[in-house]
Amino acid sequence: MKIRVVIALILLLSAFVIISCESDSSIEFKRYYTEGAQLYQTHCQNCHGAHGEGLLSLIPPLTDSVYFKNNKATLACSIRFGLKDPIVVGGKGFVSIMPRQDISPIELAEVITYVQNSFGNKLGLTTLDQVQADMSNCR
Amino acid sequence: MKKVVFGLLAISVWIACKSGEQKTLPIYGSRKPITKTVAGKEVTDTIYQTVPKFKFVNQYGDSVTNKSLDGDIYVADFFFTTCPSICPVMARNMLKVYDAFKKTGNFKIISHTIDPKHDSVPVLKKYADKLGIKGNTWWFLQGKKEDTYNIAEKSYLVAVSKDSTAAGGYVHQGYFVLVDKQKRIRGAYDGTDPKQVDQLIADIKTLQTEPDEMIVQ
């Protein structure tokens, strides 16, 4: 009888731990995502559109998860310092210049998290640590 | 008999005008009354401000003058191809206008570049291509910078800048200006606001139903 109670207690406790751990990371994700949405509106939406649709052959869409995966390490640098070399997104070439954005590493992490989990992308959280590591290798 | 028909017609037109809640668009700009003698009678008429003569070059390298737009309702705006801030939004919204009217005749869009140094004819052609613009409904116009600013401030933006002192201030604010077949300014819309652009599309339809008046030019 006693053992049963102990087991039940242990199970309950571990369930609590798991739940609270999960909600901790999901709270962080939500915080990044919400802040990122605001930043997106201010810094990105004019060109890339409210739905990340881009603008025909002029401005690339943000719906190509493969591009994000292939360029994971340079994404923060590209947003922060702009892009001027031609790129291929969704099988289409784009040559327009992307202007630099004067935003902080935490803001970069937030906006990347937002973009990579919107418009059909599901690439999870990008942390401040990741962005800082990537930024040290900006060309 | 003829007289009766005419009378009925006149009455029905009058009723239609009065009862139909047909919206008429305002006419912007300066106006002056002019008195002239027509068939021995003194008649007072109003001369409205119209878009003056101009000459620019479009994305095909063809010259475009005020005459090229004779008989057209058109929308004018100001942009430059490397503008990162509001121009993509304007282009996105203007595409809506383009798609709504590209198949109807007597309609045009003219987008003036305010950076003619960079936006040469080939640059404008590339820009148009990237937006999928073909044919002669939407022209991207290049000319002397002062000519563009002049026509913007003295003519197109009268509906916006009633007493503007900031030189060129409104040119950068992304207005879409609606001009009727008589080359009078009939509206100005914030080209970055989708709601105002919807209003522009509605107003163009209203203008299209306006009878062709005598063109005083």
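**A tour of chains A and B**

Begin by selecting helix α5 of chain A, residues 105–115, in which 9 of the 11 residues are buried, so the helix is largely enclosed by the rest of the structure; buried here means that 20 or more other C-beta atoms, placed from the backbone, lie within 10 Å of the residue's own. Helices (H or I, at least four residues) and strands (E, at least two) are DSSP runs, numbered from the N terminus. The buried residues of α5(A) include A:E107, A:L108, A:Y114 and A:V115.

This is a predicted model, in which local features need pLDDT of at least 70 and side-chain atom pairs count only at pLDDT 80 or more, while totals for chains, interfaces and linings use all residues. Residues are numbered from 1 along each chain as its sequence is written, and chains are lettered from A and ligands numbered from 1 in the order in which they are written.

Next, select the contact between the chains, which takes 10 residues from chain A and 11 residues from chain B, where contact means C-beta atoms, placed from the backbone, within 7 Å.

Then move to chain B, where 5 strands form an open sheet of mixed pairing in the order β7-β6-β5-β8-β9, two strands being paired if DSSP finds at least two bridges between them. The edge strands, each pairing on one side only, are β7 (138–141) and β9 (185–190) of chain B.

Zoom in on β6(B), residues 107–113, which is joined to β7(B) by 4 bridges, the two strands running parallel; B:S111 stands opposite B:F140 in β7(B).

How values were computed
A residue is buried if 20 or more other C-beta atoms lie within 10 Å of its own, exposed if 12 or fewer, and partly exposed in between; C-beta atoms are placed from the backbone. Two residues are in contact if their C-beta atoms, placed from the backbone, lie within 7 Å.
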